[in-house]
Amino acid sequence: MKIFASLARGSLIAYTALFFAFIYIPLALIAVYSFNSNPINMMTWTGFTTEWYAQVLGFKTTVSENALYIESTDQLVQAVWNSLMIAASTTTIATMLGTAIAIALYRFDFFGRRFYRTVMFMPMLMPDIVLGIALLIFFVNAGVNLGLKTIIIGQCTFLISYVFIVVSARLAGMDRTLEHASADLGANEWTTFRKVVFPQLLPGIVGGALLAFIISMDDLVITYFIAGVDVTTLPMFIFAMLRRGIKPEINAIAVMMLTFSFVVASLGLYLRSRQK
Amino acid sequence: MSSIAFRRRAQLGLLLGPVSLFLAVFFLGPLAIMIVTSFLAPGLYGGVEWTWYPHNYGRILGFADPMFEDFDPVYIAIFLRSLKIAALTVVATLLVCYPAAFCISRLSERWKNFCLFLITLPFFTSLIVRLFIWVLILRQTGLVNSVLLNTGVVARPLELIYTDGAIVLGMVYVFIPFMFMPVYASVEKLDWTLVRASLDLGAGPIRTFLRIILPLTAPGIAGGAVIVFIPALGNFVVPAILGGAKVMMLGNLIEQQFLAARNWPFGSALAMMVMSVMLVLLCVYVIVSGRRGIDAATGR
């Protein structure tokens, strides 16, 4: 019986190792092959090169014309710039609104609380495409020109939910005795909020903001429908590239994006998980 | 009314006012307009005509519609196929996540948190990049085929990409965190004394699993199934990249109606189908697993 138990345990551990391998080996592969010099068959190793990175970053390279698809890095730079601008705006708006609604639902009792909770979870359950087309119909009917403005508004509708959830988790885990102490010692409500509640809440707010930023940077589906013809974001740019055929530059872009997301998301998740 | 109560109300208004306005106009408003649009007639050159036109829904089911083709079950076929792929995705994701959840739940606190972090992290990396990697692995000249060819296992490259299997694989890869979190939440809460009691009283491991472990973790499984099934059903990025032009799913059909065919009412009706499947699933879920339902479904 003992042998069976340890055998079962061993296979469970092996299975879990495979589980993580399944998640991370593809990511490791692309990181390795982004340094492959083979311009045609990207998964056959022919030598180490940093040319693709140099090409993407706009340096002079010896890469031949037909191995490329970005005519100039200007398009790419523009897409990155758009994405960053959108992410910065949406993060600001969504963090303020998401935090406000989290505080309202946790610290106040009022009619319609459950309705608000449901509305907060709706964008996370709904398929992106539904929200995307609903926004498209709405903006076109309202006579709004599609562009940066519509992307920012559209992304905020679901980013508020993400901020809300992270800040709520923080509020739920907070120690209220400190607030009572502060009130007992004669601090008024505003002072208590500023000096006691807000500092405790801050990691949650920053964590939520970072996650909102990264989700905004990566959003494809909703942005795709409400971007109009003039504005391209980074994920849209890559989506368009993929539909035209795959060339090695995309590896380098992908690895840079992964690195960026990993760093920002790690920070956000760290701030979210740190309790008390 | 006391001044404190008044101040509380004012504070609440200040907190909720702007966000209520924003969500009413830019979230609930658009959804309402989409519902209305799904009952309107498509204009000849794109656009919408403001007349009552329920045939959009009939057309999905295959009935002839006054403006377009004859009886044609092509859309219902796409709908059924999407349901099939989404169901396969749920089953595969569950098989991938369930055993791992047991293993991770028995680790020490530090390792547990680290593992959860590793599983959540990919969710925040670019969807398109994660799918692109699978194109490199699966395509004709991709990694799997070049390994198989070089080792002589196969003589000609296998057709791995642009198949239903490739789509399911891509979906599983993308949706792992969605399934893992709710499943893990219920596995972690599992009372192992019950399992031990069952084994002590003479039930075999299989019986213990079916009678004790499975029912106790069922809420997590149901929650994970719902939040994987819904986005899988409406997904259009995965089929667009890993399905090529060969495999059409509901998401692609909706995209096509909006960006190529410019039949917005029909596209809206299709989106309503996705929404109604979602509502049915959520209702079933809430009835089956009670009020804790929604909280578990969102991983909290």
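Student: Which residues of chain A does the UniProt annotation "domain: ABC transmembrane type-1" cover?

Tutor: According to the unreviewed UniProt entry, that annotation covers residues 80–268 of chain A. The model before us is predicted, and over residues 80–268 of chain A it is 82% helix and 0% strand, with the end C-alpha atoms 21 Å apart.

Student: Where does UniProt place the feature "transmembrane region" in chain A?

Tutor: The unreviewed entry lists residues 12–35, 84–106, 118–140, 146–167, 196–215, 221–240 and 252–271 of chain A. Among them, residues 12–35 are 92% helix and 0% strand, and their end C-alpha atoms lie 35 Å apart. Residues 252–271 of chain A are 100% helix and 0% strand, with 29 Å between the end C-alpha atoms.

Student: What makes helix 7 of chain A roughly antiparallel to helix 8 of chain A?

Tutor: The axes of helix 7 (residues 177–184) and helix 8 (residues 189–218) of chain A come within 10 Å and cross at roughly 150 degrees. Angles over 145 degrees count as roughly antiparallel, and therefore helix 7 of chain A is called roughly antiparallel to helix 8 of chain A. The crossing of these two helices of chain A is right-handed.

Student: Which residues meet in the contact of helix 7 with helix 8 of chain A, and how do they divide by class?

Tutor: From helix 7 of chain A come A:L178, A:E179, A:S182 and A:A183, and these meet A:T192, A:V196 and A:V197 in helix 8 of chain A. By class, the residues of this contact divide into four nonpolar, two polar and one charged.

Student: How many residues of chain A are in contact with chain B, and which helix of chain A gives the largest share?

Tutor: There are 62 residues of chain A in contact with 66 residues of chain B. The largest share of the chain A side, eleven residues, comes from helix 1 (residues 2–33) of chain A. That side of chain A has 53 nonpolar, eight polar and one charged residues.

Student: How many helices and strands does chain B have, and what share of its residues is buried?

Tutor: Chain B comes to 13 helices and two strands, and its C-alpha atoms fill a box of roughly 85 × 70 × 35 Å along the principal axes. A residue counts as buried if 20 or more other C-beta atoms lie within 10 Å of its own, and buried residues make up 44% of the 300 residues in chain B.

Student: Where does UniProt list "transmembrane region" in chain B?

Tutor: The unreviewed entry gives residues 12–41, 74–102, 114–137, 166–187, 208–230 and 266–288 of chain B. Among them, residues 12–41 of chain B are 87% helix and 7% strand, with the end C-alpha atoms 43 Å apart, while residues 266–288 of chain B are 100% helix and 0% strand, with the end C-alpha atoms 33 Å apart.

Technical notes
Residues numbered from 1 in each chain as written. Chains lettered and ligands numbered in written order. Predicted model: local features only at pLDDT ≥ 70, side-chain atom pairs only at ≥ 80, totals over all residues. UniProt positions renumbered as here; feature names shortened; annotations may be inferred. Helix = DSSP H or I, 4+ residues; strand = E, 2+ residues; numbered from the N terminus. Axes fitted to C-alpha atoms, helices over the stretch in contact; angles between N-to-C directions. Parallel < 35°, antiparallel > 145°, perpendicular 65-115°, else oblique. Left-handed = near helix turned anticlockwise from the far one by under 90°. Contact = placed C-beta atoms within 7 Å. Nonpolar A, V, L, I, M, F, W, Y, C, P; charged D, E, K, R; others polar. Buried ≥ 20, exposed ≤ 12 C-beta atoms within 10 Å, placed from the backbone.
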